[in-house]
Amino acid sequence: MAAEKVQLLDKKTAFKEFSIISQKQPFAYQAKFFLNAFWKEHSKDAENIFAFTQQFVELDKKGAKGSCLDEFEAHRLLEKQGNVLTVIEMRTALKEIDLDTDNKMSLIEFCVWKFKVDIIELMSRPQGVSKELEAAEEKIEQIQADMKKIRKYKKKWDGRAPIEHGAKKFIYDQDMAIIAIAEKTLAENLDFAQKKLNAAKNNKDLVAAGKTWWLDRELEEAKKYAAPKKGWRAY
């Protein structure tokens with residue numbers, strides 16, 4: 001059976017919806033949206049887009065909650081891509097990238113510029129809906145929160161000598177209990193997310209191939225973090 005032809009949005013609607021994603025949605029959402037739309041053409045670029053997203057997150061003051069970079073941050077991003085530009089060249093490039101003319105650079109604008117795709121086509125293509133993917137995504141967000149909590153408390157006590165008594169011993173014991181609970185929850189959430197992701201992959205009608213790849217990639221990173229490591233232990 002031939003693939004169903006995509007009904008294209010009108011230009012005004014497409015650009016309006018694009019601007020909302022560009023200005024309001026976090027970087028990872030933008031990346032998944034782009035990959036869902038152009039998975040057939042750009043699945044080979046998924047790992048690069050994943051890396052670009054990490055760079056955006058590192059440069060934005062809001063981190064993973066950010067949606068776009070200001071002029072200074074965008075300049076640094078372009079330099080990271082190997083584009084050594086003068087101020088004038090950089091502003092010319094940003095003018096070309098900044099499709100919604102808000103004087104900022106979002107990830108999805110960067111991808112449109114980088115891979116030379118059409119915005120109307122991007123906004124018209126189906127994204128796909130899957131209860132399994134939504135459940136996996138929710139658990140992965142919890143997993144990332146658990147990892148952040150574990151890092152915080154391990155960093156607090158890393159390299160310090162064992163505490164045997166006193167008020168600090170009480171605080172230490174509390175923190176170790178928090179780590180233990182977070183690690184247990186992390187393991188349970190990893191198992192749950194993997195099962196839901198596997199179920200989504202087995203759905204022959206799945207459209208959100210980019211999102212599926214992305215969640216699988218995030219889960220892979222989380223498993224690396226959760227694996228037993230040498231060099232740290234709770235006394």
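Visitor: What makes the charged end of Arg151 count as sitting over the ring of Tyr225?

Guide: In this predicted model, the charged end of Arg151 is 4.6 Å from the centre of the Tyr225 ring. The cut-off for such a contact is within 6 Å of the ring centre and within 35 degrees of the ring normal. Arg217 is likewise placed over the ring of Phe50, 4.4 Å from its centre.

Visitor: Why is the pair of Phe27 and Phe56 called tilted?

Guide: Their ring centres lie 5.3 Å apart, and rings pair if their centres lie within 6.5 Å. Their planes meet at 55 degrees; under 30 degrees would count as stacked and over 60 as edge-to-face, so the pair is tilted. Phe27 belongs to helix 2 and Phe56 to helix 4, so the pair ties together parts that are 29 residues apart in sequence.

Visitor: How do you know whether Phe27 is buried or exposed?

Guide: Its relative accessible area is 0%, and buried means under 20%; Phe27 is therefore buried. Phe56, also with a value of 0%, is buried.

Visitor: Why is helix 7 described as largely enclosed by the rest of the structure?

Guide: Of its 9 residues, 107-115, 8 are buried, so helix 7 is largely enclosed. Among the buried ones are Phe110 and Trp113. Just after helix 7, Lys116 takes a positive phi of about 55 degrees.

Visitor: Which helix gives the most to the lining of the largest pocket?

Guide: Helix 9 does, with 10 residues. The pocket holds about 1200 Å³ of space, and its lining comprises 16 nonpolar, 7 polar and 11 charged residues.

Methods:
Residues numbered from 1 in each chain as written. Predicted model: local features only at pLDDT ≥ 70, side-chain atom pairs only at ≥ 80, totals over all residues. Heavy atoms only, no water. 1 Å grid on protein atoms, 1.4 Å probe; cavity = no way out; pocket = protein on both sides within 12 Å on 5 of 7 lines; lining within 4 Å. Points joined across faces, edges and corners; volume = space filled by probe spheres on them. Helix = DSSP H or I, 4+ residues; strand = E, 2+ residues; numbered from the N terminus. Nonpolar A, V, L, I, M, F, W, Y, C, P; charged D, E, K, R; others polar. Buried < 20%, exposed > 50% of the residue type's maximum accessible area, 1.4 Å probe, protein only. Phe/Tyr/Trp six-rings, centres within 6.5 Å; stacked < 30°, edge-to-face > 60°.
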